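Here's a quick walk through one protein model. Have the sequence and the 3D view open as you read.

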Amino acid sequence: MLDQAAHENFPVAPFFLPRAWRADLMALYGFARLVDDIGDGDLAPGGGDAVLLGLDRVQYDDRPALLDALEADLHRVFSDRAPGPKHPLMRRLGPTVRRCALIPEPFLGLIEANRQDQRISRYATYGDLAAYCELSANPVGRLVLGVTGTSSPERVRLSDAICTALQLVEHIQDVAEDLGRDRVYLPAEDMKSFGVTEDDLAAPTGGPSVRALIAFEAERAGELLDEGAPLVGSVHGRLKLLLAGFVAGGRAALQAVAAADHDVLPGPPKPTKLSLLREVGATLRREG
């Protein structure tokens, strides 16, 4: 599971970070990946994870039960009582939680986001989608600030803007894939405004109305990235480079979407490594 980190849109634990930070970030990634794989039904076949979480092997595809069991294991991470966590990824998380004095709430938010995915597959308004991102994305940035010892109310606010933006970028890139999972993360109010139906999203390529809708959502995500970008200038050293990579990754992805004329239906437009490096440099030069 941790091998998937190398294939994420944005850097998880780059080589230039201190070893302790990298270990802690990979522990966080292991938890986040496990939660998402449970929520998406992407666990390895055979029911091994269900058994590790204390369930019967036949419950390997019972997502609500698996999320409940994972939450119970998370509480064991934060408890001093025996027995400790059951799942190896949760046991790996324990030292990070103690060393960085992390709190349960961000982890619980990620679990709750995946519970929500089992109940809700459409979002009426942008406000509804932003509330979902508060659970599914913003906790990640808060945990990064916690691991690096740089959390403050203003940095959390800026981080939330960046994380929501990055989540929106992924939603924009993955419209076709999400629809294949019977999920639509484009607000219904926006689809109605642009005259877009779900049948339009199921087409092989996007027509003018779909591309106009994607351009609108991309502009919103870009504005959020700009809002949160001053976070980069508020820190120093290697953390500055890491955060610049997050912001640059979002900006480069949006450039790739624009270069595809906002037609994301054939597949997610991806930035090149060169475009990403250029955006990192530009972000560092303007410190956000």
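## Ground rules

This is a predicted model, where local features need pLDDT of at least 70, side-chain atom pairs count only at pLDDT 80 or more, and totals for chains, interfaces and linings use all residues. Residues are numbered from 1 along each chain as its sequence is written, and side-chain values use heavy atoms, with hydrogens and water left out.

## Helix H4 and its end

Let's start with H4, residues 88-100. (Helices are DSSP runs of H or I, at least four residues, numbered from the N terminus.) Its 13 residues should span 18 Å at 1.5 Å a residue, and the end C-alpha atoms sit 19 Å apart, which agrees. The expected span is 1.5 Å times one less than the number of residues. Leu89, Met90, Leu93, Gly94, Thr96, Val97 and Cys100 are buried in this helix, where buried means under 20% relative accessible area, exposed over 50% and partly exposed in between (1.4 Å probe, protein chains only). The cover over those residues includes H1 (19-40), H3 (63-77), H5 and H7 (138-147).

Cys100 counts as buried because its relative accessibility is 15%. Leaving aside neighbours within four places in sequence, Cys100 is in contact (heavy atoms within 4.5 Å) with Asp24, Gly146 and Val147. Its C-alpha atom is also 7.3 Å from that of Gly149, 49 residues apart along the chain. Just after H4 comes Ala101, with a positive phi of about 55°. Ala101 belongs to the loop between H4 and H5, and at 63% relative accessibility it counts as exposed.

## H5 against H6

How do H5 and H6 lie relative to each other? The axes of H5 (residues 105-119) and H6 (residues 126-136) come within 7 Å and cross at roughly 135°, so the two are oblique to each other. Axes here are lines fitted to C-alpha atoms, for helices over the stretch in contact, with angles from 0 to 180 degrees between N-to-C directions. Under 35 degrees is roughly parallel, over 145 roughly antiparallel, 65 to 115 roughly perpendicular, and the rest oblique. On the H5 side, Gly109, Leu110, Glu112, Ala113, Gln116 and Asp117 meet Tyr132, Leu135 and Ser136 of H6.

Gln116 in H5 is buried, with a relative accessible area of 12%. A polar contact of 3.1 Å joins its side chain to that of Tyr123; that term means a pair of N or O atoms within 3.5 Å, where within protein one must be able to donate a hydrogen and the other to accept it, and residues adjacent in sequence count only if both atoms are side-chain atoms. Not counting residues up to four places away in sequence, Gln116 touches Tyr123, Tyr132 and Leu135.

Thr164 lies in H8 (residues 153-173) and is buried, at 8% relative accessible area. Beyond residues up to four places away in sequence, Thr164 touches Tyr126, Cys133, Ala137, Asn138 and Leu224. Leu224 is also one of the buried residues of H12. The 21 residues of H12 (residues 208-228) should span 30 Å, and the end C-alpha atoms are 30 Å apart, which agrees.

A cis peptide bond, with omega about 0°, joins Ala82 and Pro83. Pro83 is in the loop between H3 and H4.

His262 has phi near 60°, a positive value in a residue other than glycine. His262 sits in the loop between H14 (237-259) and H15 (273-285) and is buried, at 19% relative accessible area.
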